[in-house]
Amino acid sequence: MSNTMTGMDYKLREVAGRIRELREISGITVEEMAQHTGVSVEEYIACESGSRNLSIAFLYRCVLIFGVDMGDLLEGRSPRLQSYALTRK
C-alpha cells in the first residue's frame with residue numbers, strides 16, 4: 001500500500017470539510033452535532049476530520065440539520081452552499 005491519498009480519501013476529506021464548515025457557519029457546537037447525528041463526540045470529531053468513513057445515516061442527519069440537499073453536501077456545487085459561504089463572517 002502506498003502512503004499517497006487515494007481519490008476516495010480526498011473525497012471523504014472534502015465532504016468532511018464541508019460538514020465542518022456548515023457546522024461552524026451555523027454556530028452549532030461539536031457536542032450538539034454529535035448528539036443530533038447519534039454518535040459520540042469522539043466519533044463525530046473523527047467524521048468531521050475525514051479520518052472515519054461517513055455512513056449514509058450520518059450524512060442524512062447532517063443534511064437535515066443544515067437544510068441542504070445530499071448532493072450539495074457531497075458535491076459542494078449548489079448555489080445554496082455558495083450562499084452559506086458568502087454570508088459567512
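Leaving aside neighbours within four places in sequence, which residues is I65 in contact with? I65 is in contact with I28, M33, H36 and T37, where contact means heavy atoms within 4.5 Å. This is a predicted model, in which local features need pLDDT of at least 70, side-chain atom pairs count only at pLDDT 80 or more, and totals for chains, interfaces and linings use all residues. Residues are numbered from 1 along each chain as its sequence is written, and side-chain values use heavy atoms, with hydrogens and water left out.

**Overall make-up**

- The chain holds six helices and zero strands; helices (H or I, at least four residues) and strands (E, at least two) are DSSP runs, numbered from the N terminus.
- Read from the N terminus, the order of elements is α-α-α-α-α-α.
- The chain has 89 residues, and 33% of them count as buried; buried means under 20% relative accessible area, exposed means over 50%, and partly exposed lies in between (1.4 Å probe, protein chains only).
- Among contacts in the chain with a separation of 6 or more, 58% join residues 24 or more positions apart.

**Nonpolar core**

- In soluble globular proteins, nonpolar side chains tend to be buried together.
- The largest nonpolar core here has 18 residues, of which I19, Y44, L54, F58, C62, F66 and L73 touch the most other members; such a core is a set of buried Ala, Val, Leu, Ile, Met, Phe, Trp, Tyr and Cys residues joined through side-chain atoms within 4.5 Å.
- At least two residues of this core come from each of α1 (7-26), α2 (30-37), α3 (41-49) and α4 (56-66).
- The most is given by α4, with five residues.

**Packing of α2 against α4**

- The axes of α2 and α4 are 9 Å apart and the helices pack at an angle of about 120 degrees; axes are lines fitted to C-alpha atoms, for helices over the stretch in contact, and angles run from 0 to 180 degrees between N-to-C directions.
- That angle makes α2 oblique to α4, because angles under 35 degrees count as roughly parallel, over 145 as roughly antiparallel, 65 to 115 as roughly perpendicular and the rest as oblique.
- The crossing of α2 past α4 is right-handed; a crossing is left-handed if the near helix is turned anticlockwise from the far one by less than a right angle, and right-handed if clockwise.
- On the α2 side M33, H36 and T37 take part, and they meet F58, R61, C62, I65 and F66 in α4.

**Packing of α1 against α4**

- α1 packs on α4 at an angle of about 30 degrees, with the axes 11 Å apart.
- This makes α1 roughly parallel to α4.
- The two helices cross in a left-handed sense.
- V15, I19, L22, R23 and S26 of α1 make the contact with F58, L59, C62 and F66 of α4.

**Packing of α2 against α3**

- Between α2 and α3 the packing angle is about 100 degrees, and their axes are 9 Å apart.
- The two helices are therefore roughly perpendicular to each other.
- V30, E31, M33, A34 and T37 in α2 meet V41, Y44 and I45 in α3.

**Single residues**

- I65 sits in helix α4 and counts as partly exposed, at 27% relative accessibility.
- The C-alpha atoms of I65 and R23 are separated by 9.0 Å, although the residues are 42 apart along the chain.
- S51 lies in the loop between α3 and α4 and counts as exposed, with 55% relative accessibility.
- S51 and R13 are 38 residues apart along the chain, and their C-alpha atoms are separated by 7.8 Å.
- V68 is in the loop between α4 and α5 (70-75) and is buried, with a relative accessible area of 4%.
- From V68 to L22, 46 residues apart along the chain, the C-alpha separation is 9.8 Å.
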